[in-house]
Amino acid sequence: MKKTALTETHRALGAKMVEFAGYEMPIQYSSIRAEHLRVRESVGVFDVSHMGEFYVTGSEREAFVDRVTVNDVKALSLGQVQYSCMCKPHGGIVDDLLVYRFADQILLVVNGANVVKDWNWLKENLRGNVQLTDRTDEISLLAIQGRNALDVIQPLTKIPLAEIKYYWFCEGDVAGRRALISRTGYTGEDGFELYLANADAMTVWNALFDSGKRFRIEPIGLGARDSLRLEMKMCLYGNDIDETTHPLEAGLGWITKLGKGEFIGRESILRHKGAGLTRKLVGLEADGNAFPRHGYSLYRAGDSKASVGQVTSGTVSPVLNKGIAMGYVPTELAAVGSRLQMDQRGRMADMQVVKTPFYQRPY
Amino acid sequence: MNIPQELLYTKDHEWIRIEGDTAIVGVTDFAQGELGDVVFVQLPEVGAKIEQEKAFGTIEAVKAVADVYAPLSGEVIAVNSELNDHPELMNQDPYGKGWIAKIKASKLAAEKARLLNPSAYADLTSA
């Protein structure tokens, strides 16, 4: 199993460690629920160094990235970040990712579990004057998330953080170490992600905890990362999206720029669009004490004979104290207010389709 | 790992405090740690007849769902309804305020042999 630059630190903090994406990662330090609420109410720090970083250089890099991703790279400004995904020709999703535009290169940040697959896919589709470099093993990634994130980091850097807009980035020093400072995250809170050389990760981690003391900053594990993103109905690759789902049914039409010109998967996605979507990824809220979990079957309310879909992600929201879930349901059952039932290990629980995100930050 | 010496245990991670012919049942410190934050507890009904090693309740926790198995056959004579509003008691005080049910055991003498003593349970959890 691979270690991040901070694996031993997590162990020393008493974290429960699990294997994730081939790395030994902290799933929780104290309690998933407490960590979740700390991020919602103040600020927390995540080690997400398992994420993959591919640098794309060469004179034809823009055309290449534009062809392998669904969002419009031409519309991406220098210093801006774009959420996107890569599709197979049949429209299935290879991975979702972030695209960063620098003056002389493009950075692709992919899911840790997909690094090898994505790398092979990109290599296979390489065209023209384009070079790809995998720097996953050299880079550490810390996510500082929560309403106090800016105030934790600002004392450590001369870069005026308030001037970095949501989904923009810049380069500068944090705690005296070179960092790519990105105003992004996977929690629905304001926050930043810092890309650092492995050798600098510990220094910056420690500086963040010193600076964050007055905000009661805490380390946050992957367990809370999952429930935080789920409250925002953000997709998790492997759960909510994969090569059997296409971006439109996954609710990713907003990043799928069918008018931008040719890209891999476009024709199939256009065909799906023309034929009409048969199913949609919706947000569901459970009545009573139900705890939705990945893989539970969904039924049309009052008809428990044939399953109409499955829960792809589920939890009990620590903020709402209700069972929340994402799942694919037939289009005719996808409207807000549609009633469904979920088979919870033999017990039927009532659910309904609700507006998402489940949670909206109050600031 | 907290494994009180005065209790008995099951391989399914329940603890049992025997007092005469009644037994108080809960889940162990090890089990609550593995489950993570307990969110809901589905308790048995008072008066329910239960059978040793059959499920008689369910714990819904953040990381997993787990059935609670009856450590002894008998009748449920009390349940910890405090868990309905404060399921976190199972995490905070698994051997005390996090207890689940009180059972009037009907076959105690015969069934007790299937329970684990503290050192056997310690071996099980360290394996």
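Which residue stands opposite A:Arg279 in strand 17 of chain A? The residue is A:Pro330. Here strands (E, at least two residues) and helices (H or I, at least four) are DSSP runs, numbered from the N terminus. The structure is a predicted model, in which local features need pLDDT of at least 70, side-chain atom pairs count only at pLDDT 80 or more, and totals for chains, interfaces and linings use all residues. Residues are numbered from 1 along each chain as its sequence is written, chains are lettered from A and ligands numbered from 1 in the order in which they are written, and side-chain values use heavy atoms, with hydrogens and water left out.

Strand 14 (residues 279-286) of chain A is a place to begin. Strand 14 and strand 17 (residues 323-330) of chain A run antiparallel and are joined by 7 bridges; two strands pair if DSSP finds at least two bridges between them. Strand 14 of chain A also pairs with strand 19 (residues 347-354) of chain A, in the antiparallel sense, over 4 bridges. There A:Glu285 stands opposite A:Gln352. Of the 8 residues of strand 14 of chain A, 6 are buried, so the strand is largely enclosed by the rest of the structure. Buried means under 20% relative accessible area, exposed over 50%, and partly exposed in between (1.4 Å probe, protein chains only).

Next come the domains, whose bounds come from an automatic or database domain assignment. For chain A the assignment gives domain 1 (7-49 + 137-231), domain 2 (52-132) and domain 3 (253-354). Between the C-alpha centres of domain 1 and domain 3 of chain A lie 30 Å. Domain 1 of chain A gives 8 residues to the contact and domain 3 of chain A gives 10 residues, where contact means heavy atoms within 4.5 Å.

Helix 2 (residues 32-41) of chain A has several buried residues, among them A:Ile32, A:His36 and A:Val39. The buried residues of helix 2 of chain A pack against elements including strand 2 (23-28), strand 9 (139-145) and helix 7 (222-231) of chain A.

A nonpolar core is a set of buried Ala, Val, Leu, Ile, Met, Phe, Trp, Tyr and Cys residues joined through side-chain atoms within 4.5 Å. The largest such core has 49 residues, and A:Leu98, A:Tyr100, A:Leu180 and A:Tyr195 have the most contacts inside it. Strand 5 of chain A supplies the largest share of this core, 4 residues. Among the residues that A:Leu98 touches, not counting those up to four places away in sequence, are A:Val81, A:Leu107 and A:Tyr195.

Aromatic rings are the last topic. Rings of Phe, Tyr and Trp (its six-membered ring) pair if their centres lie within 6.5 Å; planes under 30 degrees apart count as stacked, over 60 as edge-to-face and the rest as tilted. Over all chains, a search of the whole structure finds 10 aromatic pairs. A:Tyr55 and A:Phe102 form a tilted pair, 6.3 Å centre to centre with 50° between the planes. Both A:Tyr55 and A:Phe102 are buried. The ring centres of A:Tyr100 and A:Phe169 are 5.1 Å apart and the planes are at 65°, so this pair is edge-to-face. A:Tyr100 lies in strand 6 of chain A and A:Phe169 in strand 10 (residues 169-174) of chain A, so the pair ties together parts that are 69 residues apart in sequence.
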